[in-house]
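Thanks for making time this morning. I would like to walk through a few local features of one model, so please have the sequence and the coordinates open side by side.

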Amino acid sequence: MNITELFLLAAVWGASFLFMRVGTPEFGPVPLIALRVGIAALVLLPVLRSAVARAHVRKKAWPLLVVGVTNSALPFSLFAYSTLYVNAGFDAVLNATVPLWTGLIAFVWLKAPMSRPQVIGMLVGMAGVIVLVWDKIGEGQPGVWLATGAVLLATLSYGFAINYSKTRLAGVPPLVVASGSQLAATLVLLPLAFLYWPAAPVSATAWYAVLALGVVCTGFAYAIFYRLLDRVGSAYAASVTFLIPIFGVIWGAVFLKEAVTVSMILGCLIILFGTALATGKLNPAGFLSGKTAK
């Protein structure tokens, strides 16, 4: 059952890049994401029906705001912006750099120890990013540099949010964090959404995309993720990172007819290999001695 939910979560989060690529050109990045987090907040709102949950939100209002911005409002908007210039599969592969930034921030900010394989893994992961973008840069596609920078800033923001949550929201029920942070993200983005609301009518297809983003890829996905987190622990739940690029590339190819290039596959493999090293999922010394990382 756990493995089924893990693959379902990866498929859903992989599809989010597809829906952003469909909805962003018509809504624009900020209005699209304001709707995404707003709908997700409504889906998760029942979590706050208890007095205990509401007390957590009042007590941790500022940390929830910070997490709402750094784990949703900012990175979601940056990813949406990037889809104006690069395809869904490209974004999904770059999303796999989140654990690299998480480890680096933990090392710099929280003074968490870092082994030699972890350092090598980060360098390998960044090399994979270069391989991934090399073809697009060589083709002279407009906006690729900015789009790539936006995605890397988004994954850096995720890395910060993960470490910040561990230090400032310890003891708060995970679903309360999810619900409170989506409400905070909505409050932050709502004024900007009104400011940048599209002048032209938005098609039904784009509305379906934003509904899917809010209900399925955010509200429903958070419920699955935190269910896994509670039942099998963070290490198992976080392994979804390794599956998201696969589904992101598949959905982009199947539904948007995006090309799957050699550099995309190679870049994906290198990034995932580097991520496995950096997160301790792959331990060369243990492998050689016949032991595997837990």
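Let me begin with K111, which is found in the loop between α6 (98–109) and α7 (116–138), where helices are DSSP runs of H or I with at least four residues, strands are runs of E with at least two, and both are numbered from the N terminus. This is a predicted model, in which local features need pLDDT of at least 70 and side-chain atom pairs count only at pLDDT 80 or more, while totals for chains, interfaces and linings use all residues. Residues are numbered from 1 along each chain as its sequence is written, and side-chain values use heavy atoms, with hydrogens and water left out.

Although K111 is not a glycine, its phi is positive, at about 60°. K111 counts as exposed because its relative accessibility is 66%, given that exposed means over 50% relative accessible area, buried under 20% and partly exposed in between, with a 1.4 Å probe and protein chains only.

Turning to another lysine, K257 sits in the loop between α12 (244–256) and α13 (262–278), and it too has a positive phi, here of about 55°, without being a glycine. With a relative accessible area of 69%, K257 is exposed.

Now to the helices themselves. α4 (residues 61–82) has 22 residues and reaches 30 Å from its first C-alpha to its last, close to the 32 Å expected at 1.5 Å a residue, that expected span being 1.5 Å times one less than the number of residues. α4 is mostly covered, with 16 of its 22 residues buried.

Finally, the axes of α1 (residues 2–27) and α2 (residues 29–44) come within 8 Å and cross at roughly 125°; axes are lines fitted to C-alpha atoms, for helices over the stretch in contact, and angles run from 0 to 180 degrees between N-to-C directions. The two helices α1 and α2 are therefore oblique to each other, since angles under 35 degrees count as roughly parallel, over 145 as roughly antiparallel, 65 to 115 as roughly perpendicular and the rest as oblique. Among the residues that meet are M20 and F27 in α1, and L32 and I33 in α2.

Notes: Contact means heavy atoms within 4.5 Å.
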